[in-house]
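Here is a short briefing to read alongside your protein. Take a moment with the sequence and the model before going through the points.

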Amino acid sequence: MNNSVKAKTHSLNHIAFIMDGNGRWAKARNKPRTYGHQVAIKNLMPLMEECEKLGIPNVSLFSFFTENWKRPKTEISMLFNYLEKFLKQNEKKLLKNHVRLYVSGDYHKLPKSCVKAIDHALLVSKNEKKNYLNICLNYGGQDEMVYVMNKLIKKKVKNVTKEMIEHELYAKDLGPIDLLIRTSGEVRISNFMLYQLAYSEMIFYKKPFPDFKIKDLHLCVKEFNERHRRYGGLKNE
């Protein structure tokens with residue numbers, strides 16, 4: 001690991017990934033789309049552990065959004081199988097690294113075995129406070145805002161503040177996203193964590209996610225460190 005990268009990540013508290021390009025990556029290799037998702041999931045733990053080494057405690061993953069239900073049923077089924085296996089196979093490692101799991105979205109609409117695995121992972125990790133992993137499942141940024149507003153309505157809140165909204169977000173402990181990385185070269189955010197992305201730096205990386213490795217993460221963090229975040233104001237150069 002490049003120590004110069006680690007030394008400059010003090011302002012990088014929350015990193016998010018839109019893991020794009022899995023199906024196209026597989027198709028280019030004459031493999032089924034599901035093979036791309038399988039390889040992509042194998043990338044997750046090394047990248048998450050590297051984020052921890054770089055001093056980045058909060059990671060969000062756009063795993064399955066509401067529009068993905070339009071995809072072939074076989075592909076959707078395999079995606080959930082891979083997720084279930086990921087949670088079961090990496091439970092001990094996640095706990096060893098003091099990772100608390102969050103799930104953003106209405107995951108109860110997933111297959112029962114997957115819901116059971118998620119509930120278990122949420123339960124066993126609930127007391128961890130060092131690092132956070134937020135997996136967005138059956139998620140949409142606009143849907144999250146509706147979810148938050150309905151919760152505030154039920155509380156009979158009359159004057160809504162930013163602090164109230166932030167308290168009701170699915171993954172309220174992670175804070176705003178500092179850096180969003182979308183792989184495969186697509187230049188859009190696809191309804192992902194709209195509130196949390198308000199002042200995020202964004203990198204649209206050309207490689208598909210199965211090819212996104214630790215060296216690529218370092219390049220993205222390096223670019224983030226070289227940017228000047230002004231938040232609408234001015235900064236002395």
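The notes below go from the whole protein to its sheet and then to its pockets.

This is a predicted model, in which local features need pLDDT of at least 70, side-chain atom pairs count only at pLDDT 80 or more, and totals for chains, interfaces and linings use all residues. Residues are numbered from 1 along each chain as its sequence is written, and side-chain values use heavy atoms, with hydrogens and water left out.

**Overall build**

- The protein has nine helices and six strands; these are DSSP runs numbered from the N terminus, with helices (H or I) of at least four residues and strands (E) of at least two.
- Its radius of gyration is 18 Å, close to the 18 Å that the globule rule gives for 237 residues, so the protein is as compact as a globular protein of that length. The radius is taken over C-alpha atoms, and the rule is 2.2 Å times the number of residues to the power 0.38.
- Of the 237 residues, 46% count as buried, meaning under 20% relative accessible area with a 1.4 Å probe, protein chains only.

**The sheet**

- Six strands form an open sheet in the order S3-S4-S2-S1-S5-S6, with parallel pairing; two strands pair if DSSP finds at least two bridges between them.
- Strands S3 (99-104) and S6 (201-204) stand at the edges, each with a single partner strand, so one side of each is left without a neighbour in the sheet.
- Strand S2 (residues 58-65) runs parallel to strand S4 (residues 131-139), and seven bridges join them. Leu61 stands opposite Ile135 in S4.

**The pockets**

- A pocket is an open set of points on a 1 Å grid over the protein atoms alone, where a 1.4 Å probe fits, with protein on both sides within 12 Å along at least five of seven lines; lining residues have an atom within 4 Å of a point.
- The largest pocket has a volume of about 580 Å³, the space filled by probe spheres set on grid points that are joined across faces, edges and corners.
- Of the 28 residues lining the largest pocket, Met19, Asn22, His37, Phe62 and Ser63 are the closest to its centre.
- Helix H3 (33-53) is among the elements that each supply at least two residues of this lining, and H3 gives the largest share, five residues.
- The second largest pocket has a volume of about 300 Å³. Its lining has 16 residues, with Glu166, Gly175, Pro176, Tyr195 and Gln196 nearest its centre.

Methods. Buried < 20%, exposed > 50% of the residue type's maximum accessible area, 1.4 Å probe, protein only.
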